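The sequence and structure come first.

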Amino acid sequence: MVGSVSVAAKPVPVPTPETQPFWDGCAVGELRLQRCGDCGRAYFYPRPVCPSCGSRNVSWFTASGRATLYSYVINHRPAPGFEDDTPYAIAVVQLEEGPRMMTNITGLPATPEALELDMPLRVRFEPRGDVTLPMFGPEEN
Amino acid sequence: MTGVIIAGAAETDRLGKLPDHSTLQLHIEGALNAVADAGLSLRDIDGIATVSAPGPVQVAHALGITPDWIDGTGVGGTSFLLHVRHAAAAIRAGYARTILITHGESGRSRVGASRFRPDASSPPGQFEAPYGTFGPTTTFTIPLLRYMKEYGLTHEQLAYVAVAQRRWAAKNPRAAFRDPITVEDVLASRMVAYPFHLLECCLVTDGGGALIVTSADRAAEFPKPAVHVLGTGESSETPMISQMVDFTESQAFRLAGRAAFAEAGIGVTDVDHLMIYDAFAHVPIYGLEALGFVAKGEAGPFIADGNTEPGGPLPLNTNGGGLSYTHTGMYGMFAIQEGVRQLRGEAAAQLDAPQISVILGNGGMFATSGVLVLGRSPRS
């Protein structure tokens, strides 16, 4: 289409003090999570308290980036900025360390046939605006 | 303990596409209709509850009410069920005597309505919106593929939820969609977000409604039969769908339901009529299992076998539900209204003298829940 239409940009997250280390990690190609020093559980999204036991004794570590596909939809009604990507998969992945996170699936067609639940995935990073977003795609052999 | 009743209940005159009504007008019309239904005047109201926007201060002011008790709990479409619960507590505590709970939403026409968009620095703004989420069709829907894999729910069984509810809607002149549909029709409707087709997603409408809650010792003062609030429950689980504990079940539904059933002293076999908030076709499936009507994984076949449709043993969503009746965005008020109508004997698809009606509300995307156990009689 010949375009005079102004296309909205995709949303860019605005880090907050408690999430800044996560986004700093993404910028250097590391998926950083937090772990509780008392109960040992890893968790996501970033916050200064362990959701399992309430401890403030939490610290950052770099996750493996390995995950499996937990669930998803293939969206046919694009969010502003996603018009050229439609249909696209909005997925939730199960990280090897336990927590789950939302992501998009890259490097695979957005079809039920290509996207099998529990398939192995690996993190990759894509710049957007001032930040870098974690995305997940197939394990490369 | 003081008994609590719903003494007045009404919806706006019309539902659907109402571009001639602002959000606030819908609140006002619902409130005036409910006050009239209870045979009261606005001067009798001493407590107010609703969600923002416009919120309880605006609604009270518009109606000329000076409240002694205010509840602005706004946790999505189930908020009105929580308002009933909080109102019951307030009446028992003596904080208020006659409480008005209102809902109005210009969900379709968006007249005087606020725009929802998560702040880019909020957790959903940082960790979900960047991936192209765009309202409930892209988030509420995500858990279902996991459920389908774990429990073998088929696309046809999911589609049948919409078919069953349309059979109820066919009996209801106020329902938005009344023409019969088949599983094939549902599966042939436009794909919205795989695995969800258009007919597995709720309507988007304008409308409103309101309730009057007071103490049971006043039951004889009102023109309509009292509806007794026998048990209530509430809970929350997650502000982001990605952080739901287990994608195959709603913890909030289960906990709210457990509390409400325990307070009422009932079990599932006591329930004559059931309303489960149905923003999407999978929500009644999750609701039936969370409340214990069927075991995990059995709700899809249970609905597909006809158990919840007209003539079935467990009448579910008898107004046609959010899928066929109306869905303004915060549907909980309409689920309560149908429970009240059934117990009073004034529903369009009236059951044979039901004694107990259970209402399961959802807020956000499996974020929050409220459950009400309503009865034709006080607790025995």
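The side chain of A:Arg32 reaches the backbone oxygen of A:Pro21 at 3.4 Å. That is a polar contact: a pair of N or O atoms within 3.5 Å, where within protein one must be able to donate a hydrogen and the other to accept it, and residues adjacent in sequence count only if both atoms are side-chain atoms. This is a predicted model: local features need pLDDT of at least 70, side-chain atom pairs count only at pLDDT 80 or more, and totals for chains, interfaces and linings use all residues. Side-chain values use heavy atoms, with hydrogens and water left out, residues are numbered from 1 along each chain as its sequence is written, and chains are lettered from A and ligands numbered from 1 in the order in which they are written.

| Side chain | Partner side chain | Distance |
|---|---|---|
| A:Arg32 | A:Glu30 | 3.2 Å |
| B:Thr73 | B:Asp71 | 2.5 Å |

A:Arg32 has a relative accessible area of 21%, so it counts as partly exposed. The scale is this: buried means under 20% relative accessible area, exposed over 50%, partly exposed in between (1.4 Å probe, protein chains only). Leaving out residues up to four places away in sequence, A:Arg32 touches A:Pro21, A:Phe22, A:Asp24, A:Gly25, A:Trp60, A:Phe61 and A:Thr62. Contact means heavy atoms within 4.5 Å.

A:Arg32 sits in strand S1 of chain A. Helices (H or I, at least four residues) and strands (E, at least two) are DSSP runs, numbered from the N terminus. S1 belongs to an open antiparallel sheet of three strands, in the order S2-S1-S3 (chain A). S2 (42-43) and S3 (58-62) of chain A are the edge strands, each pairing on one side only. S1(A) and S2(A) are joined by two bridges; strands pair if DSSP finds at least two bridges between them. A:Gln34 has A:Tyr43 in S2(A) as its bridge partner. Helix H1 (residues 20-27) of chain A lies across S1 and S3, at about 140° to S1(A). Axes here are lines fitted to C-alpha atoms, for helices over the stretch in contact, and angles run from 0 to 180 degrees between N-to-C directions.

Strands also pair between the chains. S4 (residues 66-75) of chain A runs antiparallel to S5 (residues 191-194) of chain B, with two bridges. A:Asn75 stands opposite B:Ala193. S5(B) in turn joins S6(B) in a hairpin through one residue.

Is B:Thr73 buried or exposed? At 19% relative accessibility, B:Thr73 counts as buried. B:Thr73 lies in the loop between strand S3 (69-71) and helix H3 (79-93) of chain B.

The largest nonpolar core has 135 residues; A:Phe136, B:Ile6, B:Ile101, B:Leu288, B:Ile336 and B:Val358 touch the most other members. Helix H6 (residues 155-169) of chain B gives the most, eight residues. Apart from this core lies another, of 20 residues, including B:Ala7 and B:Leu40. A nonpolar core is a set of buried Ala, Val, Leu, Ile, Met, Phe, Trp, Tyr and Cys residues joined through side-chain atoms within 4.5 Å.

Helix H9 (residues 282-290) of chain B has nine of its nine residues buried, so it is largely enclosed by the rest of the structure. Just after H9(B), B:Gly292 takes a positive phi of about 85°.
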